[in-house]
Amino acid sequence: MGRPVHVLIVLALAVCATPLFAAANCKLMQIGEWRVKPHSGRLIVDGEINGQKIGVLLDTGAQNSVILRAAADRLGLTRQTAPGYRAYGVGGETYVEYTVLDEMKLGQAARRNWRVLVLGERELGQDHALLLGYDFFQQVDIEFDLPNDTVRLFQAEDCGNVSLAYWARGTADVISLAIDNEKPGILVPVKLNDRALLAELDSGASRSVVSRLVAAQIGVTPDTPTRVIGAFQSFVIGGEMIRNPEIRFTDLSIASTQTGSRVALREDLRDMLLGLDFLRAHRVYVAHSQGRLYFAYSGGPVFSVPPPQPPVPAPAAKPGG
């Protein structure tokens, strides 16, 4: 269902697109620019559904764009059962519905009479109503310029091997994107402790994480049941190496099985997710048009870890009877 949504939105944007630069026959056209809400901890931009202002979460790690169920109720949208759909996530199985949006606006883009899935069993906050997933992003080029709180969309024409890191003047690193036809995503080869892994660039993850299973396979295991941070020897992506990184690990082996059409927010196993901490430390251009990822270090820690929790005091002793 993602392709028609994407095409209509991009057509609306492309009306006013102008080439950013031209090299030989290459034309790079900016077709959208979204300002990310600062200090939100997530990539949230302003949008509208049926004339009501909403927040839109940009989540390249989500396979499908969805309306959150609680948000659909707040917006007065009519929900109907979506036969044949089941979805599984961190909180377990959830039933799937759909609703029809009379109009959705995002910047200069407008989509009318959009049938969109409705998911979510619990309230996830009121800062966003729509989750814009990889079904939208997979056919445009995306620039994450998070030091400037900006995400841009591009169309590239006839660019061949021309570098699309237009801001870097030849200093950006470049790697080839990997392809997973079964579970599409922004996939890049990396190395952790010299072991080759496949990482997904996930703008919906606040922090980068490593699969607990993968961490154990390279000899990094928690020394206590509650420990969630692993100390690794090295992390390599392209020509960039980070020594002695501390990276959170978690269970990424969430299974999804269903009959009929498949839907998931963050469906299944990856070796590693590169989250917002990685994106905030780099300027990144995802060139779907070339099957490449360009990136340049901007500053700050590449991997952030949660602050240590204060010790929990022991419960007071009860008086003896």
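Me: Hi! How much accessible surface does the protein chain have, and what share belongs to carbon and sulfur atoms?
Reply: The accessible surface is about 15600 Å², and carbon and sulfur atoms account for 50% of it (Shrake-Rupley method with a 1.4 Å probe; for residues, only the protein chains shown count as cover). This is a predicted model, where local features need pLDDT of at least 70 and side-chain atom pairs count only at pLDDT 80 or more, while totals for chains, interfaces and linings use all residues. Residues are numbered from 1 along each chain as its sequence is written, and side-chain values use heavy atoms, with hydrogens and water left out.

Me: Thanks. How many helices and strands are there?
Reply: The protein chain has five helices and 22 strands. Both are DSSP runs numbered from the N terminus: helices are H or I with at least four residues, strands are E with at least two.

Me: And what percentage of the residues is buried?
Reply: Of the 321 residues, 47% are buried (under 20% relative accessible area, with exposed over 50% and partly exposed in between; 1.4 Å probe, protein chains only).

Me: Which residues touch the most other members of the largest nonpolar core?
Reply: Phe 144, Leu 201, Leu 274 and Leu 293 do, in a core of 65 residues. A nonpolar core is a set of buried Ala, Val, Leu, Ile, Met, Phe, Trp, Tyr and Cys residues joined through side-chain atoms within 4.5 Å.
Reply: There is also a second, separate core of 13 residues, including Trp 167 and Phe 154.

Me: Switching to Phe 235: where does it lie, and is it buried or exposed?
Reply: Phe 235 lies in strand S17, residues 234-237, and is buried, with a relative accessible area of 0%.

Me: What is Phe 235 in contact with, beyond its sequence neighbours?
Reply: Leaving aside neighbours within four places in sequence, the contacts of Phe 235 include Val 190, Lys 191, Met 272, Leu 274 and Phe 303 (contact means heavy atoms within 4.5 Å).

Me: What about Val 209, buried or exposed?
Reply: Val 209 is buried, at 9% relative accessible area, and belongs to strand S15, residues 209-211. Not counting residues up to four places away in sequence, Val 209 touches Met 272, Leu 273 and Ile 247, among others.
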